Amino acid sequence: MARLPAGTPLASLLFLCVLSACRAAGSGGSNPTSAVVLPVSKDAAATQQYVTGFRQRTPLVPVQAVLDLAGATLWVDCDAGYASSTYRRVPCGSKSCRLSRSVACATSCSGPPSPSCLNDTCGGFPGNTVTHVSTSGNIITDVLALPTTFRPAPGPLATAPAFLFTCGSTFLTEGLAASTSGIASLSRARFALPTQLAATFRFSRRFALCLPAAGAAGVVVFGDAPYAFQPGFVLSNASLIYTPLLVNPVSTAGVSTKGDKSDEYFVGVTGIKVNGRAVPLNATLLAIDKQGVGGTKLSTVAPYTVLETSIHKAVTDAFAAETAMIPRAAPVAPFKLCYDGSKVGSTRVGPAVPTIELVLGSEAASWVVFGANSMVATKGGALCLGVVDGGKAPRTSVVIGGHMMEDNLLEFDLEASRLGFSSSLLFRQTNCNNFRLG
């Protein structure tokens with residue numbers, strides 16, 4: 001299959017399974033439940049990516065994939081020995097294919113039938129959002145099984161007998177964590193996990209994301225479940241701060257068609273504060289314009305928060321002014337502002353440094369970022385402000401990366417189109433590793 005560079009325009013639309021199609025393809029899930037979970041770990045030694053695991057196919061085999069808040073669908077490598085007795089193609093012209101609004105159809109494979117070599121089969125465009133490479137691939141269905149408990153141990157499994165996903169190629173896994181064979185999309189797209197799982201198991205189109213720090217475990221919870229943490233702490237909805245999820249009117253996917261909207265999650269950051277003081281910014285960069293440029297999105301494949309050049313300079317200058325008494329260290333790439341880690345104190349919520357606030361629409365909805373999520377310890381002992389210069393003309397002005405989200409519980413409510421966030425769980429003397437379901 002040929003590689004497709006980022007931004008390739010195609011006449012066919014990305015495959016968006018409307019809810020009725022997802023239900024038709026995924027109905028009959030076993031073990032009715034109000035919630036299913038994905039365990040999450042961090043590949044801290046190599047890629048800084050967040051990795052999840054599930055079971056797929058018949059007989060069931062464990063599969064690992066990189067978590068992504070973008071993407072149109074779950075995709076896995078079907079070239080490397082994909083074997084299952086229950087996979088089925090999505091035929092061209094079928095109801096599911098028509099409802100996907102795609103005109104792409106695989107018709108020229110002459111090899112033995114396999115998930116990656118099928119004819120009269122709807123085609124998708126799986127993409128690696130780390131390397132920004134896309135390709136074409138068959139859309140098929142197969143068994144997907146997820147745990148219904150997280151603590152004390154994952155299990156039992158809830159099964160979706162015909163979960164729609166896209167076949168990727170082995171070369172598409174380049175740049176992903178070594179143990180993985182694909183990307184699991186958590187986006188708002190109809191083919192992504194949140195909507196398909198909600199349709200299959202008939203629970204709310206809502207999921208909670210709790211990313212772990214290195215060496216710990218985190219979780220994604222789909223559906224309706226209490227946010228319970230050991231020892232005996234329950235995070236209620238009333239204790240979350242909510243802000244609207246915005247829709248970028250222009251697709252940010254690597255492969256899209258004119259008129260497509262973005263499936264990623266954008267929020268309305270209107271200002272940034274350091275130590276309670278407003279940072280002077282070009283406010284127009286924080287808004288999404290008619291061409292889909294600007295604004296703020298969340299990304300689990302960006303390890304650190306990325307800021308447009310002028311925003312990056314303003315934030316680092318403000319942070320440096322507030323920390324003038326802390327001895328500096330030489331910059332450690334990709335960071336510009338670093339300190340002697342031995343001279344920085346510690347608190348329950350990480351290094352004792354000024355807070356960074358992302359003002360979301362109003363002062364009442366500020367996301368307050370403490371040292372554990374703003375500072376990055378380096379191998380040489382330096383402690384660096386974990387923001388990266390994204391250049392003078394990036395597509396998105398602010399990309400909130402994974403490190404800033406760690407040990408924060410984020411609730412993505414797709415039905416209400418809102419994001420709930422807890423701020424640091426460390427304040428409550430717990431973390432994502434202590435999440436309990438079951």
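Thr243 counts as buried because its relative accessibility is 4%, where buried means under 20% relative accessible area, exposed over 50%, and partly exposed in between (1.4 Å probe, protein chains only). The residue belongs to strand S19, which covers residues 241-246. Helices (H or I, at least four residues) and strands (E, at least two) are DSSP runs, numbered from the N terminus. The model is a predicted one, in which local features need pLDDT of at least 70 and side-chain atom pairs count only at pLDDT 80 or more, while totals for chains, interfaces and linings use all residues. Residues are numbered from 1 along each chain as its sequence is written, and side-chain values use heavy atoms, with hydrogens and water left out.

Not counting residues up to four places away in sequence, Thr243 touches Val267, Leu360, Arg418, Leu419 and Phe421; contact here means heavy atoms within 4.5 Å. Arg418 also has its charged end over the ring of Tyr242, 3.7 Å from the ring centre. For such an arrangement, NZ of Lys or CZ of Arg must be within 6 Å of the ring centre and within 35 degrees of the ring normal.

## Strand S3 and Lys42

Strand S3 spans residues 35-42 and includes Lys42. The strand is mostly covered, with six of its eight residues buried. S3 is joined to strand S16 (residues 218-223) by six bridges, and the two run antiparallel; within this pairing, Val36 stands opposite Phe222. S3 is also joined to strand S4 (residues 50-56), in this case by three bridges and again antiparallel, with Ser41 opposite Val51. Two strands are taken to pair if DSSP finds at least two bridges between them.

Lys42 counts as buried because its relative accessibility is 17%. Its side chain makes a polar contact with the side chain of Glu406, at 2.6 Å. A polar contact is a pair of N or O atoms within 3.5 Å; within protein, one must be able to donate a hydrogen and the other to accept it, and residues adjacent in sequence count only if both atoms are side-chain atoms. Leaving aside neighbours within four places in sequence, the residues in contact with Lys42 are Gln48, Gln49, Tyr50, Pro212, Ala213, Ala214 and Glu406.

Strands S18, S17 and S38 form an open sheet of three strands in the order S18-S17-S38, with antiparallel pairing. Strand S18 (233-235) and strand S38 (435-436) each have a single partner strand and stand at the edges, so one side of each is left without a neighbour in the sheet. Three bridges connect S17 (residues 227-229) with S18 in an antiparallel arrangement, and the bridge partner of Tyr227 in S18 is Leu235.

A further open sheet has four strands in the order S26-S27-S33-S32, also with antiparallel pairing. Its edge strands are S26 (328-329) and S32 (375-377), each of which pairs on one side only. S26 is joined to S27 (residues 338-340) by two bridges, and these strands run antiparallel. Ala329 has Cys338 in S27 as its bridge partner.

## Aromatic pairs

The structure holds 13 aromatic pairs. Rings of Phe, Tyr and Trp (its six-membered ring) pair if their centres lie within 6.5 Å; planes under 30 degrees apart count as stacked, over 60 as edge-to-face and the rest as tilted. Tyr82 and Tyr87 form an edge-to-face pair, because their ring centres are 6.5 Å apart and their planes stand at 85 degrees. Both Tyr82 and Tyr87 are buried.

Tyr265 and Phe412 form a tilted pair, at 4.8 Å centre to centre and with 55 degrees between the planes. This pair links distant parts of the chain, 147 residues apart: Tyr265 lies in the loop between strand S20 (255-256) and strand S21 (266-267), and Phe412 in strand S36 (residues 408-413). Tyr265 is buried, with a relative accessible area of 0%, and Phe412 is likewise buried at 0%. Phe207, Phe222, Tyr265 and Phe412 make up one aromatic cluster.

## Helix H3

Helix H3 (residues 193-201) is mostly covered, with nine of its nine residues buried. Among them are Leu193, Leu197 and Phe201. Arg202 follows H3 and has a positive phi, near 60 degrees.
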